[in-house]
Amino acid sequence: ESRLRPAERTDANAEASRRAYFGEKWGMVDTPVIGRRQLEKPATGPFLIDEYDSTTVVPPGVKVWTDKYDNLAIETNGASHG
């Protein structure tokens with residue numbers, strides 16, 4: 001699995017991480033923020049994928065990768081997030 005790097009954004013508001021809430025089990029977590037193009041190999045959350053028009057929240061224990069059409073593929077493996 002890949003090591004996640006902070007989002008490579010040029011705007012002044014770019015963040016390497018931010019706090020996100022993942023339910024009672026996990027609470028508030030300092031969560032890495034990456035750009036979609038940085039998802040080169042399957043990676044396991046928690047992390048946030050920032051894009052110009054959306055943010056994808058990847059909870060702890062959830063695996064995400066891009067398929068051959070550049071869609072985000074998400075595998076939960078029955079991960080519990082509450």
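## Basis

The model is predicted: local features need pLDDT of at least 70, side-chain atom pairs count only at pLDDT 80 or more, and totals for chains, interfaces and linings use all residues. Residues are numbered from 1 along each chain as its sequence is written, and side-chain values use heavy atoms, with hydrogens and water left out.

Helices (H or I, at least four residues) and strands (E, at least two) are DSSP runs numbered from the N terminus. For accessibility, buried means under 20% relative accessible area, exposed means over 50%, and partly exposed lies in between (1.4 Å probe, protein chains only).

## Arginine 36 and its surroundings

Arginine 36 sits in the loop between β2 (28–35) and β3 (43–44). Arginine 36 counts as buried because its relative accessibility is 19%. Leaving out residues up to four places away in sequence, arginine 36 touches Ile49, Asp50, Glu51, Asp70, Asn71 and Leu72, where contact means heavy atoms within 4.5 Å.

The side chain of arginine 36 also takes part in polar contacts (a pair of N or O atoms within 3.5 Å; within protein, one must be able to donate a hydrogen and the other to accept it, and residues adjacent in sequence count only if both atoms are side-chain atoms). A polar contact of 3.1 Å joins this side chain to that of glutamate 51. A polar atom of the arginine 36 side chain also lies 2.3 Å from the backbone oxygen of aspartate 70.

## Salt-bridge network

The whole structure contains 4 salt bridges, each defined as a side-chain nitrogen of Lys or Arg within 4 Å of a carboxyl oxygen of Asp or Glu. One of them pairs arginine 36 with glutamate 51, the closest N and O atoms being 3.1 Å apart. This pair links distant parts of the chain, 15 residues apart: arginine 36 is in the loop between β2 and β3, and glutamate 51 is in the loop between β4 and β5 (55–58). Glutamate 51 is partly exposed, with a relative accessible area of 25%.

Aspartate 70 forms a salt bridge with arginine 36, with the closest N and O atoms 4.0 Å apart. Aspartate 70 lies in the loop between β6 and β7 and arginine 36 in the loop between β2 and β3, so the pair ties together parts that are 34 residues apart in sequence. The side chains of arginine 37 and aspartate 70 form a salt bridge as well, at 2.7 Å from N to O. That pair also links distant parts of the chain, with arginine 37 in the loop between β2 and β3 and aspartate 70 in the loop between β6 and β7, 33 residues apart. Through shared partners, salt bridges join Arg36, Arg37, Glu51 and Asp70 into one network. Arginine 37 counts as exposed at 62% relative accessibility, while aspartate 70 counts as partly exposed at 28%.

## Sheet β3-β6-β7

An open sheet of 3 strands has the order β3-β6-β7 with antiparallel pairing; two strands pair if DSSP finds at least two bridges between them. The edges are β3 and β7 (72–75), each with a single partner strand, so one side of each has no neighbour in the sheet.

Strand β6 (residues 63–66) is joined to β7 by 4 bridges, and the two run antiparallel. Valine 64 stands opposite isoleucine 74 in β7.

## Backbone exceptions

Most residues other than glycine have a negative phi, and most peptide bonds are trans. Aspartate 70 has a positive phi, near 70 degrees. A cis peptide bond joins glycine 45 and proline 46, with omega about 25 degrees. Proline 46 is in the loop between β3 and β4 (47–50).

## Nonpolar core

The largest nonpolar core has 8 residues: Ile34, Leu39, Ala43, Phe47, Ile49, Val58, Val62 and Val64. Such a core is a set of buried Ala, Val, Leu, Ile, Met, Phe, Trp, Tyr and Cys residues joined through side-chain atoms within 4.5 Å.

Apart from residues up to four places away in sequence, leucine 39 touches Ile34, Phe47, Ile49, Val64, Trp65, Thr66 and Leu72.

## Methionine 28

Methionine 28 is in strand β2 and is partly exposed, with a relative accessible area of 42%. Neighbours within four places in sequence aside, methionine 28 is in contact with Arg19, Ala20 and Tyr21. The C-alpha atoms of methionine 28 and arginine 18 are separated by 9.8 Å, the two residues being 10 apart along the chain.
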